[in-house]
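Please walk me through this structure, beginning with the chain as a whole and ending with a single residue.

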Amino acid sequence: MATVVVIDDDDFVRTFVCRLLQMFGHQVLAFPDASPALQEVDFAQVDLVITDLQMPTPGAVAIQTIRERGFGVPIVVMSGHIEPADADHYIAMGAQSL
């Protein structure tokens, strides 16, 4: 199955998403912030990134850094704090979906 990176500072959301993905047989790497994920993950070995936006190191930094490093891994933004008008901005940065 797929290797998925989940980045979310909300413990409940992160745990729920990870358990759901694991139920379907995916390998999950979980992080409470973008900074440790960017330091520890080899994104060449990742099939999908799911990131929150509002964290101490924002999800936008994760998107930008992953793309600047040349990785084409799909990135899905998952956030309860996004305005519809901002969606185009994150897609332009390299996110696949909001």
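Predicted model: local features only at pLDDT ≥ 70, side-chain atom pairs only at ≥ 80, totals over all residues.

The protein chain contains 4 helices and 4 strands. Read from the N terminus, these elements follow the order β-α-β-α-β-α-β-α. The radius of gyration is 12 Å, close to the 13 Å that the globule rule gives for 98 residues, so the protein chain is as compact as a globular protein of that length. The C-alpha trace spans about 35 × 30 × 20 Å along its principal axes.

The contacts show how parts of the sequence come together. Among contacts in the protein chain with a separation of 6 or more, 61% are between residues 24 or more positions apart. As for burial, 40% of the 98 residues count as buried.

Next comes the surface. The protein chain has an accessible surface of about 5500 Å², and carbon and sulfur atoms make up 54% of that area. Charged side chains number 4 positive and 13 negative. The centres of these two sets are 7 Å apart.

A92 is part of helix 4, which covers residues 87-93. Is A92 buried or exposed? The relative accessibility of A92 is 69%, and exposed means over 50%, so A92 counts as exposed. A92 can also be placed relative to R69: the two are 23 residues apart in sequence, and their C-alpha atoms are 16 Å apart in space.

Key
Residues numbered from 1 in each chain as written. Heavy atoms only, no water. Helix = DSSP H or I, 4+ residues; strand = E, 2+ residues; numbered from the N terminus. Rg over C-alpha atoms; globule rule 2.2 N^0.38 Å. Buried < 20%, exposed > 50% of the residue type's maximum accessible area, 1.4 Å probe, protein only. Contact = heavy atoms within 4.5 Å. Areas by Shrake-Rupley, 256 points an atom, 1.4 Å probe, with all protein chains shown as cover. Lys, Arg positive; Asp, Glu negative; His and termini not counted. Charge placed at Lys NZ, Arg CZ, Asp CG, Glu CD.
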